[in-house]
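Me: I would like to learn how to read a model of this kind, one feature at a time. Could you take me through it?

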Amino acid sequence: LVVAKNHLAFQNCSITTAENGYEALKLIEQEGSFDLILLDIMMPRITGSEVCQEVRKKLSHSELPIILLTAKNQIADFVEGFEAGANDYISKPFSKNELLARVKLHLTLTLYYNELKHLNQNLERLVEDRTNELKESESRYRSLVELSPDAITVHQNGKILFTNEAGAKIVGAKKPEEIIGKTINDFLHPDYMDISEQRMRQMQE
């Protein structure tokens, strides 16, 4: 970690170090503003994988990337690290260029994640605002229709889907609900049935 710290110090990175896993967890809990963690698997008291597991209980891979530093090079060791929640690993000994490239990659991915998250939050607010506006507009329109002195009726294939109070009064109903679902022919004089049905067929054509 000392070598990694020296490499990163020349890149104007703000670096905080911990002597063991418990200290690292304490720093993360207290400060909570780290952009990336370089974690040695072999540490006293608690392993890097265990620290990784604890971090992942609160922070996702995108919120706080973790790169494991390990002298182990067995596939099983890498799998264990990824299962613990690591984003990446670097085998020791590592080169300066490899370290800087991987750190830069994960910082860039986190930046993109935060930008996307911010855009999504803005989009959600816009959708919510627009939805509320539409609800208010619909409510105003419905009030105007329901309180209109003119009869307003909506029907489909002769079946009444909506009417206001004025429309209900025309056919002798006390409330609009009394005629919803009925057909227009239910309120017509028998002499006008044929004319009504003919017009309905013309509308459907």
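Me: Which backbone nitrogen lies 3.1 Å from a polar atom of the side chain of N20?

Reply: The backbone nitrogen of Y22 lies at that distance from the N20 side chain; a polar contact here is a pair of N or O atoms within 3.5 Å, where within protein one must be able to donate a hydrogen and the other to accept it, and residues adjacent in sequence count only if both atoms are side-chain atoms. This is a predicted model, in which local features need pLDDT of at least 70 and side-chain atom pairs count only at pLDDT 80 or more, while totals for chains, interfaces and linings use all residues. Residues are numbered from 1 along each chain as its sequence is written, and side-chain values use heavy atoms, with hydrogens and water left out.

Me: Where does N20 lie, and is N20 buried or exposed?

Reply: N20 lies in the loop between α1 (2–9) and α2 (21–31), helices being DSSP runs of H or I with at least four residues and strands runs of E with at least two, numbered from the N terminus. N20 counts as buried because its relative accessibility is 13%, where buried means under 20% relative accessible area, exposed over 50% and partly exposed in between (1.4 Å probe, protein chains only). Leaving aside residues up to four places away in sequence, N20 touches M43, P44 and R45, contact meaning heavy atoms within 4.5 Å.

Me: How should I read the strand order of the open sheet?

Reply: Strands of a sheet pair through backbone hydrogen bonds, either parallel or antiparallel. In this model the open sheet has three strands in the order β1-β2-β3, with parallel pairing; two strands pair if DSSP finds at least two bridges between them. β1 (37–40) and β3 (88–91) stand at the edges with a single partner strand each, so one side of each has no neighbour in the sheet. Between β2 (residues 66–70) and β3 there are four bridges, and I67 stands opposite D88 in β3.

Me: What do the antiparallel strands β4 and β5 form?

Reply: β4 (residues 153–156) and β5 (residues 159–163) are joined by four bridges, and they form a hairpin with two residues between them, where N157 in the turn has a positive phi of about 55 degrees. The bridge partner of H155 is I160 in β5.

Me: Which residues of helix α3 are buried, and what do they pack against?

Reply: In α3 (residues 48–56), the buried residues are G48, S49, V51, C52, V55 and R56, and they pack against α2, β1, β2 and α4.
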